[in-house]
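Biologist: Can you walk me through this one? I'd like to go residue by residue where we can.

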Amino acid sequence: MNGPADSLFRMRLLQGVVLLVFALLIGRLAWLQLFDERYEEMAKANVLRHVVLYPPRGEVLDRNGEFLVQSRECYDLMVIAREIDKRGFDTVRLCEVLNIPIERVRRELANARMRPRAPRLVASYIAKEDKLRFDECNFRGFYTVYRTVRRYPRKVGGNLLGFVSEVTAEYLKRHPYYQAGDYVGLTGVESAYETVLRGNKGVKIQEIDTHGEIKGSYMDGHYDSLPDPGRSIVSTIDARLQLLGEELMRGKVGAAVAIEPSTGEILMMVSSPTYDPDELVGRQRGNNYMRLLRDNRHPLFNRAVTAKYPPGSTFKLVQGLIGMQEGVLRPSDLHQCNMGYQAGKLKVGCHAHTSPLNLRYAVATSCNAYFCYVFRDILENPKYGSPKKGFDIWREYVESFGFGNRLGSDFLDEGTGYVPDRAFYDRRYHGSWNALTLLSLSIGQGEMGCTPLQLANLACIVANRGYYYIPHIVKKIEGRDSIDRRFYERQYTKVDAKHFEPIVEGMWNGVNVAGTSRLAELPGLDVCGKTGTAQNPNGRDHSTFLSFAPKDNPRIAISVYVEHGGFGSETALPIASLLEEYYLTDTIRRVELLQQVKNIQLPNYAQH
């Protein structure tokens, strides 16, 4: 074996390995210097602070220019753990200056140290006065970020306007625009028009020295961007009417909705019980939210657009209209009512009134028997061959009135109500059913379910003689010429306009001549109305009333629904009538009735 040759080979191999290692090191350094930007960014992060500039949120006004929602100035306290003075800082002093609990500061500092370079929110809702005192103290590592928070001058419309809250981790996954610490509208108008109201964030890049002191703007602000303020919204709401509606519904559970028939603009939307929207702003927001969440009357639930109620006798209007359109009913047709309708062992009771009676008088007196006859005639119409086919046709008509589907309003949580279909009854009765089986539908009972918004929309349909505009809450958006086109388009029912006149006359007679709605009369205003008493297996019956006025060229259509309120004329009617009087005359002369309604305090049936 050649010894010197072997030694030379090992030396050359070692030299090759050394050269290779050096080549790799030089290549890596070249890559880092010339191509890899990560370390440059990390270096910048050591001396640059990106401060988010939050835009002021758009304000909300009522239809007359009165503020419903405004924004006020406040600040968030932020911390970057690595910039805190390593010799420590006066925690007690910080808490005294900003009026925040020391436990919260200690907890957030512990969380901040887990990511020492990242900004961490310490406290929200810092008042301007506290912020100015904070600026004088120079707490290294801490800084404030400008915010706006909501305030509600009228303190009305909690469910209607909705509230703003910090984004959750789950929300961030679905909406990449937002970052931790951002706020978003979660319900009501705040949610439906979030992208309009929120504006767009800006950013300010600050240079920070090794001691955490701000040296100035990076590159003289060349890379800064200003926030774009949110746009203001003019709502369709009449603030004074909304306030009165909430006063009249206090102590009751239900909803009241008023709409301008000629436009579909929602004049008032009351869900009762409601809450003071200011309760969901500020540092006590979390405690107040949990208290409202535990309330067994569910004040956070917007009954006006989401609750599902049987329409009761107000639904008789729809039966009469379908009957006339289908040719099985003429306004002059007479039907007997002997305290109700009876077919074999089946009995639907009714109250005392003149018999026989025609359609107009049946509407005015809310006769159950009359509309049982009409409903049977619709389903048993010979041209359809079977009650099941007749039921399918009836259902199509009902859906054309906006029942069983969302109306398409600008409320994201709008409910559909419920109109049963043939498959539902086939399952329930194993395919063996007929018109008598479904007779409760004739008077708005049984499986029918409607939202108060749908019932107010029914009042609009009758007022307009056959069509409606999709109900909506926004009248104008700052910087835009118009709102969504769909709110300007007429939605027609399957019933011809000529068939609405007998129904309108019956509603007018019920208020102004003789019938169940006499208390709603307002001399000279030609009020039309229809009472409803919805049977309820879990306590006292529900009270409902729908109305519009004046009879011709109506300015307001309204529906009031009060859970466990008894007869329609007992609770819902006086509430609706007072609201109509106030809106149409700008005053209330029936002071005694006003006080009586305010004094009605219904038991809490929420456990049912």
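Biologist: Where is Asn 512?
Modeller: Asn 512 is in helix α19, residues 500-512. Helices here are DSSP runs of H or I with at least four residues, strands are runs of E with at least two, and both are numbered from the N terminus. This is a predicted model, in which local features need pLDDT of at least 70, side-chain atom pairs count only at pLDDT 80 or more, and totals for chains, interfaces and linings use all residues. Residues are numbered from 1 along each chain as its sequence is written, and side-chain values use heavy atoms, with hydrogens and water left out.

Biologist: Is Asn 512 buried or exposed?
Modeller: Asn 512 is buried because its relative accessible area is 16%. Buried means under 20% relative accessible area, exposed means over 50%, and partly exposed is in between, with a 1.4 Å probe and protein chains only.

Biologist: What does the side chain of Asn 512 reach?
Modeller: The backbone oxygen of Val 527, at 2.9 Å. Leaving aside neighbours within four places in sequence, Asn 512 is in contact (heavy atoms within 4.5 Å) with Arg 518, Glu 521 and Val 527.

Biologist: New topic, salt bridges. How many does the structure hold?
Modeller: The structure holds 33 salt bridges. A salt bridge is a side-chain nitrogen of Lys or Arg within 4 Å of a carboxyl oxygen of Asp or Glu.

Biologist: Which residue meets Asp 76 in a salt bridge?
Modeller: Arg 147, at 2.6 Å from N to O. The pair links distant parts of the chain, with Asp 76 in strand β3 (residues 67-79) and Arg 147 in strand β5 (residues 142-151), 71 residues apart. Both Asp 76 and Arg 147 are buried.

Biologist: And which residue pairs with Lys 155?
Modeller: The side chain of Lys 155 meets that of Asp 278 in a salt bridge, also given as 2.6 Å from N to O. That pair links distant parts of the chain too: Lys 155 is in the loop between β5 and α6 (158-161), Asp 278 is in the loop between β12 (265-272) and α11 (285-294), and they are 123 residues apart. Lys 155 is partly exposed, with a relative accessible area of 45%, and Asp 278 counts as partly exposed at 22%.

Biologist: What about Glu 326, which residue does it bridge to?
Modeller: Lys 383, with the closest N and O atoms 3.9 Å apart. Glu 326 is in the loop between α13 (316-325) and β13, and Lys 383 is in the loop between α15 (368-379) and α16 (387-400), 57 residues apart. Glu 326 is buried, with a relative accessible area of 9%, whereas Lys 383 is exposed at 54%.

Biologist: Now the backbone. Where is the peptide bond cis?
Modeller: One of the places is from Ser 355 to Pro 356, with omega near 0 degrees. Pro 356 lies in the loop between β14 and α14 (359-365). The bond from Ala 549 to Pro 550 is also cis, with omega near -15 degrees, and Pro 550 is in the loop between β19 (542-549) and β20.

Biologist: What is phi at Asn 138?
Modeller: Phi is positive, about 55 degrees, although Asn 138 is not a glycine. Asn 138 sits in the loop between α5 (128-137) and β5, and it is partly exposed because its relative accessible area is 48%. His 298 is another non-glycine residue with positive phi, near 55 degrees, in the loop between α11 and α12 (303-306).

Biologist: Back to strands. How do β13 and β14 pair?
Modeller: In the antiparallel sense, over 4 bridges, with β13 at residues 340-343 and β14 at residues 346-349. Two strands pair if DSSP finds at least two bridges between them. Gly 340 stands opposite Gly 349 in β14. The hairpin has 2 residues between the strands, and Gly 344 takes a positive phi near 65 degrees.

Biologist: Last one, His 564. Buried or exposed?
Modeller: His 564 counts as buried, at 7% relative accessibility. His 564 is in the loop between β20 (556-562) and α20 (572-585). The C-alpha atoms of His 564 and Thr 144 are separated by 51 Å, and the two residues are 420 apart along the chain.

Methods: Polar contact = N/O pair within 3.5 Å; in protein donor to acceptor, adjacent residues only side chain to side chain.
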